Amino acid sequence: MKAIVCEAFGPIDDLKCKEIDDPVIKPGHVVVNVEAAGVNFPDGLLVQGLYQMKPPCPFVPGNEVAGVVVEVGEGVKHISVGQRVIALSNLGGFAEKVLVPATHVMPLPDPIDVKEGAALVTAHATAHHALKQRAKIQPGETLVVTGAAGGTGLAAVQIGKEMGATVIAVCSTKEKLALAKEHGADILINYKEKNLKDAIKEATDGKGADVVYECVGGDTFHACSRSMAWEGRLLVVGFAGGEIPQFPVNLSLVKGYSVVGVFWGSFTQHDPKGFAANMQELLTWYVQGKVKVVVDEALPLERATEAMAKVMNREVKGKMVITP
């Protein structure tokens, strides 16, 4: 089968599209014929050796897929051959086939397009976990979302709105803000045109934000860290801007707010039942039309490096998908 292979940590352009052996079925697993794979910011970090985990090389990146089950291992009862599924593969998703633990495979409801299904797992599940388990956001609270037109930012806008928050979207262009507004944002802030700290203060009548979903880092994080309400929750989701900020902890002490890490991949390992329950709720919302994956572009497997580069350069509105 064809796959995207990282032979050594380095630039994204070093990845190879090549023939490798098909995955071999084993107990408790299924083999999925990949019809679409979501591309996420951590994929680009991973192949450069810049992510939290560093798998041994060579490896195939890609952690979220949708497709059809072609083999079922011993002991698997809830999934059958021929079934449409979405799956969290951890690695191996940028390929024509992938071996996945059955615990991380779920039926894909018929109304959901396969490309949207592939892009649903990481971005929306991260935002859902962040707002539900980590922030414990409540109806009526204010939620600031940075990078609000990206895959996980747009998901946070939708889910925050569904959970009853007043959503403040932060983006760098009018076009990105328009997309965030289309998906539920109540208040729009263009941080290229306004001082972000002042704009959040104005939008919250001087109180500050109850919850900030922060996935940009750098100066954006610093502005948000000075814009928190009493007992607020500053969610550390990622650093798409490239700079991992240093945090002056006295701000948390004086303002009485919490800085909360969000590592969804670790959550799926530590609490698989919670992960399954979250995914069921997400899929229900999706079928009901309450959340929606925006697929900006779908590229063939051979153009995977181009797809990853666009995500890393923050050129994507919504999600990027690879179609093997």
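Predicted model: local features only at pLDDT ≥ 70, side-chain atom pairs only at ≥ 80, totals over all residues.
I started with tyrosine 51, which is buried at a relative accessible area of 18% (buried means under 20%, exposed over 50%, partly exposed in between, with a 1.4 Å probe and protein chains only). Residues are numbered from 1 along each chain as its sequence is written, and side-chain values use heavy atoms, with hydrogens and water left out.

Next I looked up the rings. I got 5 aromatic pairs in the structure (rings of Phe, Tyr and Trp, the last by its six-membered ring, pair if their centres lie within 6.5 Å; planes under 30 degrees apart are stacked, over 60 edge-to-face, the rest tilted).

One of them joins tyrosine 51 and phenylalanine 263, edge-to-face, at 6.4 Å centre to centre and 90° between the planes. I find tyrosine 51 in the loop between α1 (41-47) and β4 (64-72) and phenylalanine 263 in the loop between β13 (258-261) and α8 (264-270), so this pair ties together parts 212 residues apart in sequence (helices are DSSP runs of H or I, at least four residues, and strands of E, at least two, numbered from the N terminus). Phenylalanine 263 is partly exposed, at 38% relative accessibility.

Then I checked tryptophan 264 and phenylalanine 275: centres 5.9 Å apart and planes at 65°, so edge-to-face. Tryptophan 264 sits in helix α8 and phenylalanine 275 in helix α9 (residues 272-287), so the pair links parts 11 residues apart in sequence. I have tryptophan 264 as buried at 6% and phenylalanine 275 as buried at 1% relative accessibility.

Last entry: Phe221, Phe247 and Tyr257 make up one aromatic cluster.
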